[in-house]
Structure formats: structure tokens, C-alpha cells
Amino acid sequence: MVPSFFTDYETLCERIESIDPDAYAKSRNHLAGAVTWLGPFVTHGVISTRQIAQSVLARSDGKRASGLLSQLGWREFFHRVWQARGDAIFADMREPQTQVSSPNPPRALVEGCSGIDVVDAAVRELQLSGHMHNHARLWTAALACNTGRSHWREASRWMHYHLLDGDLASNTLSWQWVAGTFSQRKYIANQENINRFSGGDQSGTFIDIDYEQLAQLPLPEVLEPRSVIQLDNTYPDTTAGPVVSSESSVILYSIWNLDPNWRRTQAGRRVLLIEPDMHREFALSPLRWRFINHWARAIDGLEVFVGSIDELFPQGTAHLSLFTREYPATRHWPGERDARDWCYAAPERALTSFSRFWKDARKTSSWFGHE
Ligand SMILES: Cc1cc2nc3c(=O)[nH]c(=O)nc-3n(C[C@H](O)[C@H](O)[C@H](O)COP(=O)(O)OP(=O)(O)OC[C@H]3O[C@@H](n4cnc5c(N)ncnc54)[C@H](O)[C@@H]3O)c2cc1C
């Protein structure tokens, strides 16, 4: 069962303590598997990948926990790519997507009526509750981009909007991985694969064929009509006034850094800055904004300011001690920039593939001993 995302920090820590890395490694690919469902908290910086890894390693070892440690590695890989390549991640990364018949995703898919029961149920659940298992994300993306011949970009914006853990790097680059613009080949899934990992037994669908046939399949009729993606934000209310010249210290939070322990003892005004300009293109669902508001309230004294950086600091920042945390989407913010809590050191070689990143991460991390 998917646990509540609207809980308190203590309960969240208990959930981290209860992760079973063996069960995770055995079952994570199955819809009913022992995944952590911690995505939204990682995305919003309430907890870090390092916090999860250290908790698991306190009761396991690098070898046993490597299933989970490598998935945390995927997240860090995507974020290191974002750090290195910046906004280039929002366009086809390695080569243009092939066999695209529309920029817009199939309407039947985004409305949950494609006829592939498990995917339709997962899409409806996504829109209702903001969560979707990794394998269901892969199937949905494969149906949209490859079987459904749409470009990955609009479909990925749609999924990012609904996901409580919607993350610009992980989402964008996963979609590109599926669409073959950030991988060696396109990912496709047939009915047999969906049945195996979902426990379903549907047959006779348009993808109930072998992989050779699926790769050659013309656009199925049910996926032809398209949906134009239109997404809006419902921001929380502003509770903070602009910072004036008599103030001396500000601790500036973003929606991607809602860590209640960050600079906890630092004196100063705590402000969560939400810049509408950032969310115009990549909007967030009302449930997601509620989640952000919920976890912002868990930080003592945090005020909310919806506006631009210039509106928050009308008299500039030269007179201030100003603290922020490094994050690609807020690299234009002024102030002293703290590092995030990573699991793995910054890569020294170009980020050409996850396997290369992971090889270096294993070599430089003490968690895996000498292999
Ligand atoms: C099309 C598509 C879109 C995706 N969009 C997002 C997204 O917007 N945000 C996001 O965080 N992840 C995304 N992922 C990756 C992955 O599906 C989720 O991180 C994972 O399902 C979150 O659930 P969980 O917390 O139970 O993960 P667990 O399996 O319990 O893993 C623990 C943590 O490790 C990280 N992680 C695990 N698997 C991956 C992975 N394959 N890639 C990157 N990080 C991973 C996440 O931070 C996750 O919370 C996407 C994957 C695909 C195929």
C-alpha cells in the first residue's frame, strides 16, 4: 500500500529506518514490490539521497544494498547531467527523436482509456494521488513516445505536472531515455511484460505481440487522437513581505530544498521563494502545491513569498548575509550557496552514460569496499 505523503518528519524518518534493502532488490520491478515511495520527499529536498543510503547502510552493507544504492545513483546521475548541461536537457540530448508523428501525446493515454488496463489504471491513479510506480512510468512513456509516436516533451510535462515527485532532471531524462534520445535505443513494452510485472492477465490487446512485431507496429488507431497539454498553477498565498535594508540575514529556501534541518541554528529570516516564471512551463498540480505547503509548514518560522527575486529584495542583497542551497533551477539566485547532500562525489569524467557514472561512483565511494 502506498503510504501517506502528508505526514510529519518523525514518521518520515521511521519510514526510512524501515526500508528493507533485500526485499527492495528482489521486488522493485513489480507494481506490488517493496519500493520506498520516498520520491516526493527527495524531489523537494525534505530528505536527501545520502540520508536514505546512510540509514540503509547502518543495517546492511554496500553489496546487499546495491539495488537501492544504484537507483539513488540514477537520480544523482540525472542531476549531475543537469548541473553540467543546464537547459540543454529540455531538448533532444543526443540525437533527434525518430518516428514522431505529433508533438502531442495520445488522448486515450492521458485520459486513461487506451485499452491497456494496467496502464490506464496507473494513469488514473497518477491524476488522483500523484504517484506512479517506476515500471508503470516506463510503460506509459513507451506507449506515448514509441508505440504512440509522440515527441517525449509534451507528454513528459504532463507527467511531471501530476507526479508528487515530479523532478525536472529525473523526469525529462527518463522520458528521453525511453524515447531513445538519451540512450542507445528506444524502450518498448509488450502485454506479456506488463502482465509479468503487474500480476495482470490481459490478452488480445494491440501490444499483445512479440517484440519484433511491436517494433514494427504502425500507429494503433486508438492512439491517433491527440491531447494538447494545458497546465496551470495554484500557488500558495504569500505570507512574507519584501526584505528591507534594516534586515541583516535571510535563509532562502526553494521548493526543492524543504529540508527542516538545513541551517537550523542559523539566525535570520526564513523565506520560501516561489518564482512564477519558473513554473509557467513546468506547472505543478494543485495536490503538489498542497504537498509543498504542507512540508514548508514543517519548517519553523518559514514564510512564503510568491514573486521574483527582485520583488523579494527591492533594495538588493549587498547588505545581507544570504544563504541558499545549490540547485540548477535556482542558479540565478544570489547568496552563499551550500552544497546538496550527495551520495557520490562529483564525476571527473564526462557524463556519457549511467554505467560509466556508476563505475566511477563505486570506485570512489567507501560503501562498496574494494571490489
Ligand atoms: C518516464 C519516467 C519518469 C520519471 N519521472 C521521475 C520524476 O519526475 N521524479 C523522480 O524522482 N523520478 C522519476 N522517475 C524515476 C523513478 O520512476 C522514480 O524515482 C521512482 O519511481 C520513485 O518512487 P520510489 O520513491 O518508490 O522509488 P524507489 O525505487 O524506492 O527509489 C528510491 C529513490 O531513488 C531514486 N530513484 C529510484 N529509481 C530511480 C530512477 N529510475 N531514476 C531516478 N531516480 C530514481 C528516487 O529518488 C527514489 O525516490 C521516472 C522514471 C520514468 C521511467
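The model is predicted.

**Domains**

The domain assignment of the protein gives three entries: domain 1 (9-89 + 345-368), domain 2 (93-223) and domain 3 (249-338). Taken over C-alpha atoms, the centres of domain 1 and domain 2 are 24 Å apart. Their contact takes 17 residues from domain 1 and 16 residues from domain 2. On the side of domain 1 that touches domain 2, H3 and H5 are the elements that give two or more residues. H5 gives the most to that side, with 5 residues. By class, the side of domain 1 that touches domain 2 has 11 nonpolar, 5 polar and 1 charged residues.

**The ligand shell**

Where does the ligand lie relative to domain 1 and domain 2? Both domain 1 (9-89 + 345-368) and domain 2 (93-223) give residues to the shell around the ligand, so the ligand lies between them. There are 28 residues around the ligand. Thr-36, Gly-39, Asn-134, Asn-171 and Ser-174 come nearest. Several helices each supply at least two residues of the shell: H3 (39-43), H5, H8 (134-147), H9 (152-162) and H10 (168-179). The shell residues divide into 13 nonpolar, 10 polar and 5 charged.

**Helix pairs**

Two packed helices are described by the angle between their axes and the distance between the axes.

| Pair | Angle between axes | Axis distance |
|---|---|---|
| H5 (residues 66-85) and H16 (residues 354-364) | about 115 degrees | 10 Å apart |
| H7 (residues 117-129) and H8 | about 105 degrees | 10 Å apart |
| H4 (residues 49-57) and H5 | roughly 170 degrees | within 10 Å |

Take H4 and H5. Their axes cross at roughly 170 degrees. That makes H4 roughly antiparallel to H5. H4 brings Thr-49, Ile-52, Ala-53 and Val-56 to the contact, while H5 brings Leu-68, Leu-69, Leu-72, Arg-75 and Glu-76. The residues of this contact comprise 6 nonpolar, 1 polar and 2 charged.

H5 also packs with H16, at an angle of about 115 degrees. The crossing of H5 and H16 is right-handed. From H5 come Ser-70, Gly-73, Trp-74 and Phe-77. They meet Phe-354, Phe-357, Trp-358 and Ala-361 in H16. This contact has 6 nonpolar, 2 polar and no charged residues.

Then H7 and H8. How are they set against each other, at an angle of about 105 degrees? Val-119, Ala-122 and Val-123 represent H7 in the contact. By class, the residues of H7 with H8 are 6 nonpolar, 1 polar and no charged.

**Where the parts meet**

H5 links these topics. H5 supplies at least two residues of the ligand shell. H5 also gives 5 residues to the side of domain 1 that touches domain 2. H5 packs with H16, and the axes of H4 and H5 come within 10 Å. H8 supplies at least two residues of the ligand shell, and H8 packs with H7.

Terms used
Residues are numbered from 1 along each chain as its sequence is written. This is a predicted model: local features need pLDDT of at least 70, side-chain atom pairs count only at pLDDT 80 or more; totals for chains, interfaces and linings use all residues. Axes are lines fitted to C-alpha atoms, for helices over the stretch in contact, and angles run from 0 to 180 degrees between N-to-C directions. Helices (H or I, at least four residues) and strands (E, at least two) are DSSP runs, numbered from the N terminus. A crossing is left-handed if the near helix is turned anticlockwise from the far one by less than a right angle, and right-handed if clockwise. Two residues are in contact if their C-beta atoms, placed from the backbone, lie within 7 Å. Ala, Val, Leu, Ile, Met, Phe, Trp, Tyr, Cys and Pro count as nonpolar, Asp, Glu, Lys and Arg as charged, and the others, Gly among them, as polar. A residue is near a molecule or strand if its C-beta atom, placed from the backbone, lies within 6 Å of it. Domain bounds come from an automatic or database domain assignment. Angles under 35 degrees count as roughly parallel, over 145 as roughly antiparallel, 65 to 115 as roughly perpendicular and the rest as oblique.
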